[in-house]
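Have a look at the structure first, then read on.

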Amino acid sequence: MAQEEPTALERFINGILPENPVYRQLLGMCPTLAVTNGMKPAMTMVAATAFVLICANVMTSAIRGLLKPHLRILVFTMTIAAFVTIADRLLAAYMYDMSKQLGPYVPLIIVNCIIIARCEVCASKQSVRVAFGDAVGQSIGFGLGLATIATVREILGSGTWLGLHVLPASWPGWGIMVLPPGAFLTLGLLLGIAEWLSRRRGRAST
Amino acid sequence: MEILTSLILIFVGAALINNFVLHYFVGICPFLGVSRRVDTAFGMGCAVTFVISISALLNWTVTYFVLRPGAPLPAWVWRSVGGDPGTQVDLSVLSYIIYIFVIASSVQFVEMYVRKFFPPLYRSFGVFLPLITTNCAILFGSLEILKHLQDPTRLWGLHQALALALGGGIGFTLAISLMAGIREELDMCDVPGPLKGAGVALIVAGIMAMAFMGFVGVDKGVQSAVSALLR
Amino acid sequence: MLSTVALILAAGVLAVLAVGMGFVLGWANRAFHVRTDPKVEQILAALPGANCGGCGFVGCAEYAAAVATGEADVSLCGPGGAGAAQGLAGIMGVELEESLPYRAMVHCSAHTDERLQRAEYRGEPTCASANLVAGVQGCTYGCLGMGDCERSCKYGAIRVVDGLSTVDYTKCVGCKACERTCPRNIITIVPFKAENMLVVACSNQDSAGDVRAVCAVGCLGCRACTKVAPDLISIEGALPVINYDNYDPTDDLIAKVLEKCPRKRLFFVGKPTEADLAAVAGEELPDEIQADFKTTVDETEWRG
């Protein structure tokens, strides 16, 4: 049964909610938990990941004819490593404080499962346009995921959002939310909510 | 004796206080994926410890001699082409690419070696080895070592790098085995539908992370205990 | 000049590493080559890959390895059935003896209302737990109906219907999961020589009065069946046991045995025949018969 390969637009829309990398595919957990203690670091990480994902997808798609099957993961990884180095150096040059805050998590984009998974699933098999659409969609999905978690953690943890105070000064600030346990708990509960919502939608449609 | 104290501190720090999984959030994917049963979790932990130590060894060597600012090899090349000895050749921009390459190749090599010479070992954790190549924890170990090779006055030797790697690996094994034990028990409990699987596992991880936060300050105690012992 | 030297040095380091590791890995590939029997790969491909453990080995890979070394018989795979056995026989170059499909048989036929002396059980709703408690139902040999077998079946072939575990023979593949799970050991896996086989649908080894007290339909141990067909049916305790090695589907005695049983506990099980399907063709049957088996634990309010 030959199926139509998804078009660029389909892949783009898929990446935002139906195949959301954080809530549906459960990929890229490491940066999701690490940098979401504030909206600013989270959005910077999303931008960096988006840059690497788009470039790596496009490059992989461009060279997909040359990939030998048993070496392909290595080739993906090398490509991604090169682009991450570029992103890291750019960040260190133009946003030094943010780069210091993000620390080792920018180079860890190399082993971010999302990028390797997209290269494997989409870019190595489809054209540059489709790969581009897929990368943009997945990046938006990733950004959505990170934004939800960062919002919860930052508002509850420091009473700010994007650095602006949104809660009154009397808010004690739940320190635990900006520390590692808060990350795990927030993600766990939000995953539960996302699953519950999708089940309700599934039941409503049947 | 300071060396021994610093080694123990680094080891305990990496294993307990700044646990790779529960404090630094690296290695979450296998932490959630492989922690269903204690025996597979322990096998995964052993594999990670093994790979992280080998990659720390290789990456420390490459970084110390080639990549760090002021490394001997580039300095020698620079001098032999008649360059000004005052300026340093800094190849650290290659770090990430070389680290991941070394990790991937060494894992491949180790897998072949273990498969040939230790078949029972291969059967117990050999299948995890290819998965570990993209494990954040391995790369993170190397990145931590890189961090301590930047300042020429306080360079980490191979022993400290290995202490960090071993500590990190053992801390990972500890966390994943604990998680597996808890999840085996959770299987028999009545977890609400939407939270089943990853949701409740993450909540448990959060509580574990809170517990591990109790280790903050242990380094001071360890330091005074060890120095008292060695005096 | 610094940047040129740095560039050349960078390229040089990368090239040396790449070539070096390439050589090392190439050497290792040859030096550490593990000779695997290509047959194992072929056998693995011919097996369904369900990893059910019915063959007695831990997984399909273990079974494939055992077949390749000649240790294991080619026809042990339940889910694979005749197709897998033929495939394996072809790969190993052996003659395939006639292999029969293995299917499950439940040796109990009492539905909830037919079980007497039942108590209100408030424990964990599993057969394994209920089996440990005395007095859940009068019969200590028969089906408890809590669904351990249903949960263990990966093929949806055994269901608890009105308190009795019932096999769907269109789905059963003989993987033996239910046989292993049943704490009362009333499920056996038997080679089916015909589509419908005779089964002794009771496991109660007590006789007459004791059985009547605990079950409305259980076998009384009257031994009428064994008198009619002594080669086929033997008695253990007070319970008839069919010798399936001697079972011949074309034997007339079987129909006679059916007639003789006063409680009609000997009957045929298997895939529904044309006659059976025709008999219910006119009726409106529900698609699935779900047992509404709630214990009182489900309605308990937590007061903790």
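This is a predicted model: local features need pLDDT of at least 70, side-chain atom pairs count only at pLDDT 80 or more; totals for chains, interfaces and linings use all residues.

On one side sit Leu74(A), Thr77(A), Met78(A), Ala81(A), Ala82(A), Val84(A), Thr85(A) and Asp88(A) of H4(A), and they meet Tyr96(B), Ile97(B), Ile100(B), Phe101(B) and Ala104(B) of H5(B). Sorted by class, this contact between H4(A) and H5(B) has 10 nonpolar, 2 polar and 1 charged residues.

How are the two helices arranged? As for handedness, H4(A) and H5(B) cross in a right-handed way.

## The chain interfaces

Now let's zoom out to whole chains. Chain A puts 37 residues in contact with 34 residues of chain B. About 3100 Å² is buried between chain A and chain B, and carbon and sulfur atoms give 86% of that. Three residues stand out on the chain A side: Cys30(A), Val111(A) and Phe184(A) supply 20% of the area that chain A buries against chain B, more than any other three residues.

Chain B also meets chain C, in a contact that takes 23 residues from chain B and 21 residues from chain C.

| Chains | Buried area | Given by carbon and sulfur atoms |
|---|---|---|
| chain A and chain B | about 3100 Å² | 86% |
| chain B and chain C | about 1900 Å² | 90% |

What about salt bridges? Across the interface of chain A and chain B there are 0 salt bridges, and the count between chain B and chain C is 0 as well.

## Inside chain A

Next up is a helix pair within a single chain. Helix H3 (residues 39-62) and helix H6 (residues 113-123) of chain A have axes that come within 10 Å and cross at roughly 30°. That makes H3(A) roughly parallel to H6(A), and H3(A) passes H6(A) in a right-handed crossing.

Which residues do the touching? From H3(A) come Thr49(A), Val52(A), Leu53(A), Ala56(A), Asn57(A), Thr60(A) and Ser61(A), which meet Ile115(A), Arg118(A), Cys119(A) and Ala123(A) of H6(A). This contact of H3(A) with H6(A) splits into 6 nonpolar, 4 polar and 1 charged residues.

## Inside chain B

Chain B has a helix pair to look at too. Helix H3 (residues 38-67) and helix H4 (residues 72-80) of chain B pack at an angle of about 25°, with axes 5 Å apart. H3(B) is therefore roughly parallel to H4(B). Tyr64(B), Phe65(B) and Val66(B) of H3(B) make the contact with Pro72(B), Leu73(B) and Pro74(B) of H4(B). By class, the contact of H3(B) with H4(B) has 6 nonpolar residues, no polar and no charged.

Definitions and conventions
Residues are numbered from 1 along each chain as its sequence is written. Chains are lettered from A and ligands numbered from 1 in the order in which they are written. Side-chain values use heavy atoms; hydrogens and water are left out. A crossing is left-handed if the near helix is turned anticlockwise from the far one by less than a right angle, and right-handed if clockwise. Helices (H or I, at least four residues) and strands (E, at least two) are DSSP runs, numbered from the N terminus. Contact means heavy atoms within 4.5 Å. Ala, Val, Leu, Ile, Met, Phe, Trp, Tyr, Cys and Pro count as nonpolar, Asp, Glu, Lys and Arg as charged, and the others, Gly among them, as polar. Buried area is the accessible area (1.4 Å probe) that two parts lose on being put together, summed over both. A salt bridge is a side-chain nitrogen of Lys or Arg within 4 Å of a carboxyl oxygen of Asp or Glu. Axes are lines fitted to C-alpha atoms, for helices over the stretch in contact, and angles run from 0 to 180 degrees between N-to-C directions. Angles under 35 degrees count as roughly parallel, over 145 as roughly antiparallel, 65 to 115 as roughly perpendicular and the rest as oblique.
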